[in-house]
Amino acid sequence: MHVDIGNVLDGTPSVSRDSLERLDETVAAAHERIESGRADAEHGYAALNLPETADADGIRAAVEPFGDAEAIVTVGIGGSALGAATLTEALADEDDPDAYYLDNVDPEHVSTLAESLPLSETVVNVVSRSGTTAETLSNFLVVRDAMEAAGVDWTDRTFVTTGEEGNLRNLAEKHDLPALDVPEGVPGRFSVLSTVGLAAAAIQGHDLDALLTGAAEEADRLSGSLFDSPAYAYGATTYALAQRGALTNAMMPYAESLEYFAEWFAQLWAESLGKDGLGQTPARALGATDQHSQLQLYRAGPRDKLVTLVRPREREDREIPETDLQGLSYLGGSSLGELLDAEFEATEASLAAAGVPNVRIEIDRVDERGLGELLYGMEAACVLYGELANVSTFTQPAVEWGKRAARGLLGGGDFEEADAVAEKTTLVVE
Ligand SMILES: O=P(O)(O)OC[C@H]1O[C@H](O)[C@H](O)[C@@H](O)[C@@H]1O
């Protein structure tokens with residue numbers, strides 16, 4: 001992963017080279033804390049060990065019985081869906097089984113999917129670290145019911161990925177379902193390089209070893225200086241910019257295949273860093289499409305943003321046909337890839353010219369190795385940012401509050417958070 005932070009040195013807000021050098025002493029201390037967390041496999045820090053600890057052979061063996069599937073449905077939410085979705089969306093080619101994600105309980109969407117799937121050729125991967133998440137378990141019950149109604153033995157078509165205990169673990173034991181373990185100490189949003197993210201990619205036949213190699217290479221680049229580590233350069237720069245008022249981070253990959261990556265990044269950044277009145281709001285964008293929609297605001301709106309531009313250095317290309325249409329002949333003979341690169345560089349320059357800080361992140365290609373580098377790099381950047389901001393990176397108490405309130409409303413227990421719903425202030429205008 002290549003990170004260019006040159007366009008944060010000037011602008012509003014900005015971070016000077018001197019400030020970064022001063023911050024580097026804190027980065028060194030934070031790096032030591034991260035390394036000791038990794039050495040002791042502490043909760044959260046253990047995720048940064050996944051390039052060494054993930055068991056690619058075990059994952060391949062567990063999904064081997066499903067190698068002939070026409071479709072994979074991952075039933076999960078948040079970190080139990082976004083990592084897998086990022087990988088399968090980025091790596092899919094046309095011969096792969098189709099990958100679907102049930103990460104919402106919108107009844108219309110769930111029904112449409114359940115009715116359109118070739119259920120007897122579908123493998124269902126139910127993923128929940130806690131094994132208790134209401135949305136995931138409800139969606140699973142609906143899919144199971146659809147399979148039963150279609151005369152499909154759901155126990156032959158289902159495997160689970162979960163923690164040591166919980167409803168899902170009990171279900172797997174009761175029905176003797178194949179089960180993959182969510183590793184200890186790895187929060188959902190940091191689990192893409194574990195069983196949680198890798199199983200769907202394995203069913204699609206992607207190269208798990210190359211993914212983990214890319215991640216291991218990025219791990220090897222972590223060091224006590226932000227100037228030697230691309231991941232830390234990103235984490236330290238985004239932290240310093242947030243301190244200076246860049247409270248929004250627009251993640252803008254220039255590749256359709258990385259659209260889900262921006263979704264995954266949004267959870268990582270928001271849930272990990274949004275605490276104690278601090279944090280940086282992730283905005284999801286896609287280049288070049290959002291140049292024609294959001295860029296106006298990024299360039300000319302409030303000076304509270306940074307833009308992260310991501311692209312592969314190489315990609316499959318397609319020529320733009322020659323044309324004699326008036327005014328368009330300059331396009332003919334060049335390619336869509338050249339156009340996209342020109343758009344990337346023009347946007348970067350346009351932001352810089354307006355004094356909007358932006359960071360360039362490049363990987364060599366959108367392949368397993370490049371994704372391993374990018375995903376691991378963003379995770380390490382996030383952990384470093386959390387250390388610098390002194391927040392509890394690996395918890396999400398605000399999310400848990402809402403989960404308890406919803407559960408209380410549905411009669412799933414006596415949760416005082418549910419009382420707040422009845423206390424809502426109303427001011428209706430009709
Ligand atoms: O894997 P699960 O236990 O089902 O959790 C799924 C998701 O639930 C919550 O919303 C958490 O905030 C997320 O971090 C987590 O990824």
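This is a predicted model: local features need pLDDT of at least 70, side-chain atom pairs count only at pLDDT 80 or more; totals for chains, interfaces and linings use all residues.
Residues are numbered from 1 along each chain as its sequence is written.

**Stop 1: helix 4 and helix 12**

Select residues 82–91 for helix 4 and 259–273 for helix 12. Helices here are DSSP runs (H or I, at least four residues), strands likewise (E, at least two), numbered from the N terminus. The two axes come within 8 Å and cross at roughly 160 degrees. Axes are lines fitted to C-alpha atoms, for helices over the stretch in contact, and angles run from 0 to 180 degrees between N-to-C directions. Helix 4 passes helix 12 in a left-handed crossing (the near helix is turned anticlockwise from the far one by less than a right angle; clockwise is right-handed).

Now show the contact residues. From helix 4 take L82, G83, A85, T86, E89 and A90; from helix 12 take E259, Y260, F261, E263, W264 and Q267. Contact requires C-beta atoms, placed from the backbone, within 7 Å. The residues of this contact divide into 6 nonpolar, 3 polar and 3 charged. Ala, Val, Leu, Ile, Met, Phe, Trp, Tyr, Cys and Pro count as nonpolar, Asp, Glu, Lys and Arg as charged, and the others, Gly among them, as polar.

**Stop 2: out of helix 12**

Go to D276, in the loop between helix 12 and strand 8. D276 is not a glycine, yet has a positive phi of about 55 degrees. Most residues other than glycine have a negative phi, and most peptide bonds are trans.

G287 and A288 are joined by a cis peptide bond, with omega about 0 degrees. Then jump to P13, in the loop between strand 1 (2–4) and helix 1 (17–39). The bond between T12 and P13 is also cis. Its omega is about -10 degrees.

**Stop 3: the ligand**

Which residues are closest to the ligand? Select G78, G79, S130, T133 and G188. The surrounding shell has 14 residues, each with its C-beta atom, placed from the backbone, within 6 Å of the ligand. By class, the shell divides into 2 nonpolar, 9 polar and 3 charged.

**Stop 4: helix 3 and helix 9**

Select 56–63 and 195–203. The axes of helix 3 and helix 9 come within 9 Å and cross at roughly 55 degrees. The two helices are therefore oblique to each other. Their crossing is right-handed. I59, R60 and V63 of helix 3 meet T195, L198, A199, A202 and I203 of helix 9. This contact has 6 nonpolar, 1 polar and 1 charged residues.

**Stop 5: helix 10 and helix 15**

Select 208–220 and 368–389. Helix 10 and helix 15 pack at about 45 degrees, with axes 7 Å apart. That makes helix 10 oblique to helix 15. Helix 10 passes helix 15 in a right-handed crossing. The residues of their contact divide into 9 nonpolar, 5 polar and 5 charged.

**Last stop: the domains**

Colour domain 1 (2–36 + 212–389), domain 2 (55–182) and domain 3 (400–430). These bounds come from an automatic or database domain assignment. The centres of domain 1 and domain 3, taken over C-alpha atoms, are 38 Å apart.

Notes. Two residues are in contact if their C-beta atoms, placed from the backbone, lie within 7 Å. Angles under 35 degrees count as roughly parallel, over 145 as roughly antiparallel, 65 to 115 as roughly perpendicular and the rest as oblique.
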